[in-house]
Amino acid sequence: MPQADKRKNAEKWFDTDDQFNQLYPVSIQALARRHWTPLGVARKAAKFLAAENKARILDIGSGVGKFCLSASYYYPGAFYYGVEQRKSLIGHAEAAREILQADQVSFIHGNFTQLELKNFDHFYFYNAFYENLTGTDKIDDSIDYSGELYNYYNRYLFRQLEQKPGGTRLATFHSLEEEIPQNYHEVGSEFDNLLKFWIKV
Ligand SMILES: C[S@@+](CC[C@H](N)C(=O)[O-])C[C@H]1O[C@@H](n2cnc3c(N)ncnc32)[C@H](O)[C@@H]1O
């Protein structure tokens, strides 16, 4: 299908968050408010991350793909990748990707610790490890949660980000900032500081 027709076909899903969330089953829609990036946030984050043509942007913990799919709609000049540990969520992300015909989006099933982060230019992070903490909302009971995992993942991501070259961009949403090395400087924020933009010096 020509690119212009694909865009026309996708347009109706991007009117509102409720409309977009209807790409997914009701059980997944019910998780949206707490766990999936709102369209307005994805748009601002993608504007920051898609800094150069063909940038490779990774969403660390991509869930049902809402960030990648909406970012690619708003800023189609980049490539968007999502890594997600829950296979069932990858299935929902792929189904939505098919409907939207989002060719520049790829989803990878696995733990982000198995990925070579050096293969990506810029990163989006919506507090993916938070559900490991006690008293937090969980997506489901299909995985183990623990404070040890929370610390391990934060430390792992910190070390990976630290090794990236200068100019690497990071957008965080609802982050407690434990994963952000000191050589990343905050260069802006939106949505009452919930969405922050960082660049490695
Ligand atoms: C808050 S949701 C955000 C989903 C998506 N980024 C979005 O903004 O719509 C966080 C996701 O990260 C995933 N996740 C958490 N830890 C992970 C890990 N170590 N490796 C891969 N995915 C992980 C969870 O399964 C969950 O789907």
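Colleague: Which residues does A55 touch, not counting those up to four places away in sequence?

Modeller: A55 touches L49, G77, A78, F79, D121 and H122. Touching means contact, with heavy atoms within 4.5 Å. This is a predicted model, where local features need pLDDT of at least 70, side-chain atom pairs count only at pLDDT 80 or more, and totals for chains, interfaces and linings use all residues. Residues are numbered from 1 along each chain as its sequence is written, and side-chain values use heavy atoms, with hydrogens and water left out.

Colleague: Where is A55 found?

Modeller: In the loop between α5 (39–49) and β1 (56–60). Helices (H or I, at least four residues) and strands (E, at least two) are DSSP runs, numbered from the N terminus.

Colleague: Is A55 buried or exposed?

Modeller: A55 is buried, because its relative accessible area is 0%. Buried means under 20% relative accessible area, exposed over 50%, and partly exposed in between (1.4 Å probe, protein chains only).

Colleague: New topic, the ligand. Which residues come nearest?

Modeller: T37, D59, G61, E84 and R86, out of 24 residues around the ligand. A residue counts as near if one of its heavy atoms lies within 4 Å.

Colleague: What is 2.8 Å from a nitrogen atom of the ligand?

Modeller: An N or O atom in the side chain of D59. A polar backbone atom of G61 is also 2.8 Å from a ligand nitrogen. For N111, a side-chain N or O atom is 3.0 Å from a nitrogen of the ligand. The protein covers 98% of the 610 Å² of accessible area that the ligand has on its own (Shrake-Rupley method, 1.4 Å probe).

Colleague: Which elements give two or more residues to the shell around the ligand?

Modeller: Those are α6 (66–74) and β2 (79–84).

Colleague: How many residues of α6 are buried?

Modeller: Nine of the nine, so α6 is largely enclosed by the rest of the structure. Among them are F67, L69 and Y73.

Colleague: Now N132. Where is it, and why does it count as buried?

Modeller: N132 is in the loop between β4 (122–125) and α8 (147–162). N132 counts as buried because its relative accessibility is 9%. Leaving aside neighbours within four places in sequence, its contacts include K138, D144 and Y153.

Colleague: And R34, what does it touch?

Modeller: R34 touches Y126 and D137, not counting residues up to four places away in sequence. R34 lies in helix α4 (residues 32–35).

Note on methods: A polar contact is a pair of N or O atoms within 3.5 Å; within protein, one must be able to donate a hydrogen and the other to accept it, and residues adjacent in sequence count only if both atoms are side-chain atoms.
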